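Here's a quick tour for anyone meeting this structure for the first time. Have a look at it, then read on.

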Amino acid sequence: MVIEDGVKTERIIPISLIEFSNLITPSFIGPEIDPRRESFIRLQLKNNYNIRLEDVNIKLSGDIFEDITRTINLEEFEAKVEEFKVNLNPNTKEGKHSITITLSTPEKLISETKKDITISYYPGLREIITPESSFLVIKETIKKVNDGNAVINEIYVKQFSGLQKLVTSTDPLPNSISYENGVYLYKWNLNLNPGEEKTIIVEINYRYPLISLIVIIIILGIIYYYFIHKDIEVKKKVLTTIKTEKGITKLRVSVSVRNKSGRELKNVKIMESIPSIAKNPSEFGTLTPNRIVKLGNRLNLIWIIDIGKHEERLLSYKVESGLEAIGKLVIPPTAVKYHKAGRSIVAKSNRIVLLSK
């Protein structure tokens, strides 16, 4: 109520109520931000009312930079752009990132708003291969580095022959191994975040297989030398046959015993078995049997001699046989027994078969 010239009058005065949280409208403007370069965030602040605002505190906070603060004044209905310099990690992931804009006065909080800024994408996969080699070992270290700011998915492939596959080890193990067009393909699925690096180590080692092969050859050689190989070679043959008027055939049998080794063999036992249809062994040449033993209807001639390295000794004897009546004479193999590495080893000659005419 107003009194003018003694007259009371009433007037209606319009009053606008201000919504404090809507006092200022913040928004980001400008292009995407490249984190590799000096970067600026441009923030537009619009005063929505016909009042002057003083000492407005601005605070920008987010997970990609440290908090930034600034204090400004805004005139009535003014729209002001503030530019903030930020230092971003070059590996900042591309895409949208939420920034909190806090506006306040010394007395009261005006608003707290979340807005997005966009970090631009840039590629950057780098490969570093470091080869190493030593005796029969080839090693390769492959390092993949994501210098970009986006996640990179890559399949890394190495191929190996069948032999290489047997002697190849890797760290880490491949995600898959396949056989295509005659080669084995090792595949690694690599997922690299910005700034991340992954290493693959491939080692082709021929050394251990070679050592294993040499050991196997040595073992086989030992087995062959001690269990299969004979140091003595024995050969038998009939030198002469003489047929008498009485139908008796006289035979001279020769036995050759040769030491093939490079060591002297002592107490070598030579055993010659004479079948029952042969009889009267005689004329033994330079070496007479140490013993003549009758076992059943057979005679066994036994010599015990020493044979020098690479030496050959000849034994011979004569026998008589009524071959015409029997039709066939079989002289069994000569057996030679000697000792090697604590074991008794027996070598045998060929046998002789004589047929009557």
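Which residues do ring pairs link into a cluster? They are Tyr156, Phe160, Tyr186 and Trp188. Keep in mind that this is a predicted model.

**The aromatic cluster**

- Searching the whole structure turns up four aromatic pairs.
- One of them joins Phe160 and Tyr186, with ring centres 4.8 Å apart and planes at 70°. Planes over 60 degrees apart count as edge-to-face, so that's what this pair is called.
- Phe160 belongs to strand 12 (residues 152–160), while Tyr186 belongs to strand 15 (residues 183–192), so this pair ties together parts that sit 26 residues apart in sequence.
- Tyr186 also pairs up with Trp188, and here the rings are tilted: it's 6.3 Å from centre to centre, with 45° between the planes.

**Buried or exposed?**

- Phe160 has a relative accessible area of 3%, so it's buried.
- Tyr186 comes in at 5%, so it's buried too.
- Trp188 has a value of 1%, so this residue is buried as well.

**Charges over rings**

- Arg70 has its charged end over the ring of Phe84, 4.2 Å from the ring's centre.
- Lys165 lies over the face of Tyr184, at 5.2 Å from the ring centre.

- How do the four strands line up? They run in the order 10-11-16-13, with antiparallel pairing, and the sheet they form is open.
- At the edges you'll find strand 10 (125–134) and strand 13 (168–171), each of which pairs on one side only.
- Going from one strand to the next, the twist averages 15°.
- Zoom in on strand 10 and strand 11 (residues 137–146), and you'll see them pair in the antiparallel sense over 10 bridges.

Terms used: Residues numbered from 1 in each chain as written. Predicted model: local features only at pLDDT ≥ 70, side-chain atom pairs only at ≥ 80, totals over all residues. Heavy atoms only, no water. Pairing = 2+ DSSP bridges. Helix = DSSP H or I, 4+ residues; strand = E, 2+ residues; numbered from the N terminus. Axes fitted to C-alpha atoms, helices over the stretch in contact; angles between N-to-C directions. Phe/Tyr/Trp six-rings, centres within 6.5 Å; stacked < 30°, edge-to-face > 60°. Buried < 20%, exposed > 50% of the residue type's maximum accessible area, 1.4 Å probe, protein only. Lys NZ or Arg CZ within 6 Å of the ring centre and 35° of its normal.
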